[in-house]
Amino acid sequence: MNIAVIGAGYVGLVTGVCLAEIGHKVICIDNDEKKIKALKQGACPIYEPGLEQMMAGLCKKKRLSFTTSIREATQRSEVIFIAVGTPSKKNGDADLTYVENVARQIAENMDSYKLIVEKSTVPAETGQRVKRTIMLNLPQKYRKGKNAVAFDVASNPEFLREGSAIEDFMNPDRVVIGVESKKAEELLREVYKPLKPKMVVTNINSAEIIKHASNSFLATKISFANALSQICDRVGADVLKVAEGMGYDKRIGRSFLNAGVGYGGSCFPKDVDAFIRLSQRSGYEFELLKEVRNINELQKRAFVQFIEDKLWILKGKTIGVLGLAFKPDTDDMRKAPSIDIIQMFLAEGARVRAYDPQATENAKKVMKKAAYFKDAYTMAKGCDCLVLLTEWEEFSRLDFRRLAKLMKQPILFDGRNFYWQHGLEKFGFEYHGIGRGQGGLKGSV
Ligand SMILES: NC(=O)c1ccc[n+]([C@@H]2O[C@H](COP(=O)([O-])OP(=O)(O)OC[C@H]3O[C@@H](n4cnc5c(N)ncnc54)[C@H](O)[C@@H]3O)[C@@H](O)[C@H]2O)c1
């Protein structure tokens with residue numbers, strides 16, 4: 001099939017590359033000229049394992065191409081995915097400016113039937129707005145009569161995770177499609193046929209809600225684990241054992257029950273906010289989700305307070321941060337917990353030295369006052385403590401004896417309970433996890 005994907009970011013680029021890999025002819029569009037120029041030269045603008053290699057092969061076979069022209073892409077394709085950003089407005093609403101712009105531009109360039117698919121995460125009823133925008137912006141000659149151009153709008157939310165995006169796209173737990181016509185359903189079934197996925201077919205509003213509800217539920221699980229960590233620390237219980245004991249129950253499951261410094265990234269915070277706002281506007285106050293958000297914020301403050309407790313005074317101390325990205329295997333810094341935590345250290349007068357395997361360049365753009373290093377050992381030199389914020393696999397292979405020697409004092413605060421089995425004490429470290437019954441992370445909501 002001839003497919004266009006508008007927005008060549010973390011989702012759009014992976015979607016475009018994977019759709020080409022499973023046999024379609026795909027054109028990816030972005031209005032960022034630098035990005036498209038780089039992509040045309042074979043350079044991948046994001047760090048996502050396996051993506052660049054896959055891209056190179058597909059470009060050679062001419063199954064994948066890039067352009068800045070929505071006109072070219074619209075006219076060449078029958079199915080058009082919208083995968084532009086939907087960031088938060090100040091009040092928490094999803095900012096749909098990019099979606100609206102793209103819908104208008106598609107309409108202006110349509111000359112035959114198109115299926116326009118929302119891949120971006122959007123609030124319920126956005127599909128209806130996209131439809132209206134397209135109708136209002138279709139060229140006059142295509143609106144009515146014998147030249148009338150038909151189109152469908154559909155919702156097909158994306159559930160991939162950065163860091164394992166290709167694997168997630170190729171082996172989805174399910175593909176959700178929200179449609180209003182048989183033709184739209186058939187076209188989308190055809191798009192995904194090579195993956196043989198479990199399909200959930202519903203109306204557009206339900207599909208839109210499925211995405212917001214899924215992310216909000218996962219955020220709820222994380223905040224639940226974090227609230228547990230607070231209790232465990234106070235009563236001398238171990239949150240890791242509690243999560244294990246709960247997780248074997250199939251109704252609960254172990255995943256997303258990890259206590260830590262909270263969730264971040266470009267999706268959970270904004271999607272929880274947008275879902276709270278959508279509920280509010282529909283006349284329902286989603287108090288549960290508001291508390292999920294509060295717990296997430298508290299967890300970062302409580303972590304910093306705990307560190308301050310242990311270091312006695314933060315002012316003048318040098319803190320070494322291991323990991324900055326919002327999760328491992330990505331260079332994405334959007335809403336990473338490291339940003340708030342480092343700001344709190346700096347506000348207390350501490351110095352921050354940081355190392356991340358991939359996210360340093362993006363981190364420099366949002367945190368100018370930290371010092372950045374090319375490896376963990378150089379970073380650890382003279383530090384009063386290390387703080388792990390992102391559980392990159394390479395951090396499990398560090399030479400802890402060497403690190404301890406380089407530091408002023410060997411203390412490690414583990415914001416992800418990553419080292420719980422490492423026995424860091426035997427390398428001379430004073431080790432602190434989260435919710436391990438050490439009476440540590442006390443903070444009040
Ligand atoms: N990142 C994830 O893990 C993830 C997972 C599932 C869903 N989503 C959702 O997917 C959507 C995209 O997220 P992302 O992380 O890929 O965002 P992103 O910011 O990485 O990419 C968006 C791209 O759209 C481009 N763009 C904006 N306006 C445009 C226009 N008028 N024409 C052409 N291109 C335009 C931008 O230049 C950018 O490259 C969001 O709604 C997000 O919530 C993201």
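What share of the contacts in the chain between residues at least 6 apart in sequence join residues at least 24 apart? I looked it up: 73% do. Contact here means heavy atoms within 4.5 Å.

**Ground rules.** I am reading a predicted model, where local features need pLDDT of at least 70, side-chain atom pairs count only at pLDDT 80 or more, and totals for chains, interfaces and linings use all residues. Residues are numbered from 1 along each chain as its sequence is written, and side-chain values use heavy atoms, with hydrogens and water left out.

**Overall form.** The C-alpha atoms fill a box of roughly 80 × 50 × 40 Å along the principal axes.

**Elements.** I found 16 helices and 14 strands in the chain. Both are DSSP runs, numbered from the N terminus: helices are H or I with at least four residues, strands are E with at least two.

**The sheet.** I traced six strands in an open sheet, in the order β11-β10-β9-β12-β13-β14, with parallel pairing. Two strands pair if DSSP finds at least two bridges between them. Strand β10 (residues 351-355) is joined to β11 by two bridges. One partner pair I noted is A354 with Y372 in β11.

**Helices on the sheet.** Helix α12 (residues 287-311) touches β12 (385-388), β13 (411-414) and β14, and its direction makes about 165 degrees with that of β13. Helix α13 (residues 337-347) touches β9 (318-322), β10 and β12, at about 150 degrees to β10. Axes are lines fitted to C-alpha atoms, for helices over the stretch in contact, and angles run from 0 to 180 degrees between N-to-C directions.

**Cores.** I then asked which residues have the most contacts inside the largest nonpolar core. They are F345 and Y419, in a core of 58 residues. Helix α12 gives the largest share, five residues. A nonpolar core is a set of buried Ala, Val, Leu, Ile, Met, Phe, Trp, Tyr and Cys residues joined through side-chain atoms within 4.5 Å. Buried means under 20% relative accessible area, with a 1.4 Å probe and protein chains only. Leaving aside neighbours within four places in sequence, Y419 contacts residues including L322, L388, L412 and Y431. A second, separate core of 44 residues includes V14, A20, Y113 and V191. Buried residues make up 54% of the chain.

Definitions and conventions:
Buried means under 20% relative accessible area, exposed over 50%, partly exposed in between (1.4 Å probe, protein chains only).
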